[in-house]
Structure formats: C-alpha cells, structure tokens
Amino acid sequence: MTYEEVLQRVREAYQTTDVSEIQEHLAYQFNIKGEAEGAFYVEITNGTLHIEPYDYYDRDVLFTVTAETLFQIMDGTINAIHASTMGKLKVEGNIEKALKLFGLMQQEKDD
C-alpha cells in the first residue's frame, strides 16, 4: 500500500462524516510510519472536515501510527486507547481533543 492509497482510504471513510455541530477548531496530524510512510492532517473548522496531505504545525494532537494500525482503529478491530497502551499508537498533545476525533471515527463506523 502506498501513502496516496492510505490518504484516499481515510478520505473515503470520513468524507460524509457530519461535523456540522462542531464549531471549535480541531487540528490533528497523522504521521504514518513504516509502509506508506508520510503525514496528513485532519482539520475541523466551522463545522467542515478537511483531510489534506500536509504537515500541520499548529495542531492540537499528533498521532504516530502504522497504516495497518490506523485501519484497525478505523474499522473498530482495535480501540484507540488500547492501541496506545500497547505502543501501537503514539499520541502527543491534547488528549481530550484526541478522544473527540476517535469518537467521530466510532460514530462513522456505527452509522
């Protein structure tokens, strides 16, 4: 799998996520390590979700993870908190805001 394929899969999974109720600014950077290495960001601003293939230096949270683990979190195979305690997901920054993102991921999976 390539970095571009990872980014496309994330975009496809969350392009219809309803974030219209979120009026605060949230910014997350994902550093994918190993196969498909690269960085992308997820930003929620004014009730709109953006997923772009760039570093985001003014971020609230930085996640470092392999593509495989990210997809396992996305599909609900493993819980993000469990992945973090196992050392598969490194989280730096505002934990409360990190949990908001994982809540949105879980909501999208459940829909």
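Colleague: How many aromatic pairs does the count come to here?

Modeller: Six aromatic pairs. Rings of Phe, Tyr and Trp (its six-membered ring) pair if their centres lie within 6.5 Å; planes under 30 degrees apart count as stacked, over 60 as edge-to-face and the rest as tilted. Take Y41 and Y54: the ring centres are 6.4 Å apart and the planes sit at 35 degrees, so this pair is tilted. Keep in mind that this is a predicted model, where local features need pLDDT of at least 70, side-chain atom pairs count only at pLDDT 80 or more, and totals for chains, interfaces and linings use all residues. Residues are numbered from 1 along each chain as its sequence is written, and side-chain values use heavy atoms, with hydrogens and water left out.

Colleague: Which kind of pair do F63 and F102 make?

Modeller: Edge-to-face, because their planes are at 65 degrees, with ring centres 5.1 Å apart.

Colleague: Is F63 buried or exposed?

Modeller: Buried means under 20% relative accessible area, exposed over 50%, partly exposed in between (1.4 Å probe, protein chains only). F63 is buried at 0%, and F102 counts as buried at 13%.

Colleague: Which residues do ring pairs link into a cluster?

Modeller: Y28, F30, F40, F63 and F102.
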